[in-house]
Amino acid sequence: MRHATDRDHVIAVFDDRQPRALDCQSGLIGILWGCGHTLTIRRGGAAIILFDLAIPARVGLTMEFSVV
């Protein structure tokens with residue numbers, strides 16, 4: 001739940017600069033955010049699968065807590 005309420009997630013779904021529901025700038029922010037997250041997940045997942053890597057629990061927790 002903590003990660004879901006991080007700033008980049010909140011900005012991706014809520015932009016109060018324009019009151020219009022179909023604001024192009026808000027949509028662009030959401031699209032770029034989604035592409036960035038998808039690219040990171042795909043690269044990390046591909047490395048884990050291709051190189052048969054295992055992320056130690058301590059490293060995983062450190063990565064999760066380092067998300068600001």
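The chain averages a pLDDT of 79, and 72% of the residues score at least 70; pLDDT is the predictor's confidence in each residue, from 0 to 100. This is, then, a predicted model, in which local features need pLDDT of at least 70 and side-chain atom pairs count only at pLDDT 80 or more, while totals for chains, interfaces and linings use all residues. Residues are numbered from 1 along each chain as its sequence is written, and side-chain values use heavy atoms, with hydrogens and water left out.

On to the fold. The secondary structure amounts to three helices and zero strands, where helices (H or I, at least four residues) and strands (E, at least two) are DSSP runs numbered from the N terminus. Along the sequence this reads simply as α-α-α.

The accessible surface of the chain comes to about 5,900 Å², and carbon and sulfur atoms account for 69% of that. These areas come from the Shrake-Rupley method with a 1.4 Å probe; for residues, only the protein chains shown count as cover.

Part of that surface is a nonpolar patch of about 830 Å², made by Ile-48, Ile-49, Leu-50, Phe-51, Leu-53, Ile-55, Val-59 and Met-63. Patches are made of residues with over 30% relative accessible area and no salt bridge; like charges are joined within 9 Å, and nonpolar side chains (Val, Leu, Ile, Met, Phe, Trp, Tyr) within 5 Å. A salt bridge, in turn, is a side-chain nitrogen of Lys or Arg within 4 Å of a carboxyl oxygen of Asp or Glu. Both α2 (24-50) and α3 (57-66) supply at least two residues each to the nonpolar patch, and α2 gives the most, with three.

Ile-48, one of the patch residues, sits in helix α2. Its relative accessibility is 32%, so Ile-48 counts as partly exposed. Neighbours within four places in sequence aside, Ile-48 is in contact (heavy atoms within 4.5 Å) with Leu-53 and Ile-55.

The loop between α2 and α3 holds Asp-52. Although not a glycine, Asp-52 has a positive phi of about 50 degrees. Asp-52 counts as exposed because its relative accessibility is 69%.

Ile-29 also belongs to helix α2. With a relative accessible area of 23%, Ile-29 is partly exposed. The C-alpha atom of Ile-29 is separated by 9.7 Å from that of Asp-8, and the two residues are 21 residues apart along the chain.

Terms used:
Buried means under 20% relative accessible area, exposed over 50%, partly exposed in between (1.4 Å probe, protein chains only).
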